[in-house]
Amino acid sequence: MTYIKSWEDFEKAAEKLYLANPMKVRYTMKYRHTDGALVLKFTDDAVCLQYRTEVQQDLKKIDRFMTNLMRHMVSSDK
């Protein structure tokens, strides 16, 4: 499994993956203290997207993206 280097590319691909099949997609967020890295992983068992960051400023981008994703999850629009 490879990591996507650009946050923008990861964000677009993850949202597209979620919108394609919302009932099948899951994600994990893991902080690795030894590396000081945050790892995000989105998968639907066929496609696996990963992003890794060690930059503090990326946390705001990740927070915004997760908030947007949660809005998709709770909205009644299909």
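**Exercise 1. Two helices**

The crossing of H1 and H2 is right-handed, where right-handed means that the near helix is turned clockwise from the far one by less than a right angle, and left-handed anticlockwise. The model is predicted: local features need pLDDT of at least 70, side-chain atom pairs count only at pLDDT 80 or more, and totals for chains, interfaces and linings use all residues. Residues are numbered from 1 along each chain as its sequence is written, and side-chain values use heavy atoms, with hydrogens and water left out.

Task: Determine the angle at which the axes of H1 and H2 cross, and classify the residues of their contact.

Solution. 

Step 1. Helices (H or I, at least four residues) and strands (E, at least two) are DSSP runs, numbered from the N terminus. Helix H1 covers residues 7–20 and helix H2 residues 58–74.

Step 2. Axes are lines fitted to C-alpha atoms, for helices over the stretch in contact, and angles run from 0 to 180 degrees between N-to-C directions. The two axes come within 12 Å and cross at roughly 10°. That makes H1 roughly parallel to H2 (angles under 35 degrees count as roughly parallel, over 145 as roughly antiparallel, 65 to 115 as roughly perpendicular and the rest as oblique).

Step 3. On the H1 side, the contact (heavy atoms within 4.5 Å) is made by Trp 7, Glu 8, Glu 11, Ala 14, Glu 15, Tyr 18 and Leu 19. H2 contributes Lys 61, Ile 62, Phe 65, Asn 68, Leu 69, His 72 and Met 73.

Step 4. These residues divide into eight nonpolar, two polar and four charged (Ala, Val, Leu, Ile, Met, Phe, Trp, Tyr, Cys and Pro count as nonpolar, Asp, Glu, Lys and Arg as charged, and the others, Gly among them, as polar).

**Exercise 2. An aromatic pair**

Task: Describe the geometry of the aromatic pair of Phe 10 and Phe 42, and state whether each residue is buried or exposed.

Solution. 

Step 1. The whole structure holds seven aromatic pairs (rings of Phe, Tyr and Trp, the last by its six-membered ring, pair if their centres lie within 6.5 Å; planes under 30 degrees apart count as stacked, over 60 as edge-to-face and the rest as tilted).

Step 2. Phe 10 and Phe 42 are edge-to-face, at 5.8 Å centre to centre with 70° between the planes. The pair links distant parts of the chain, 32 residues apart: Phe 10 belongs to helix H1 and Phe 42 to strand S2 (residues 37–43).

Step 3. Phe 10 has 0% relative accessibility and so counts as buried (buried means under 20% relative accessible area, exposed over 50%, partly exposed in between, with a 1.4 Å probe and protein chains only). Phe 42 is buried because its relative accessible area is 0%.

Step 4. One aromatic cluster is formed by Trp 7, Phe 10, Tyr 27, Phe 42, Tyr 51 and Phe 65.
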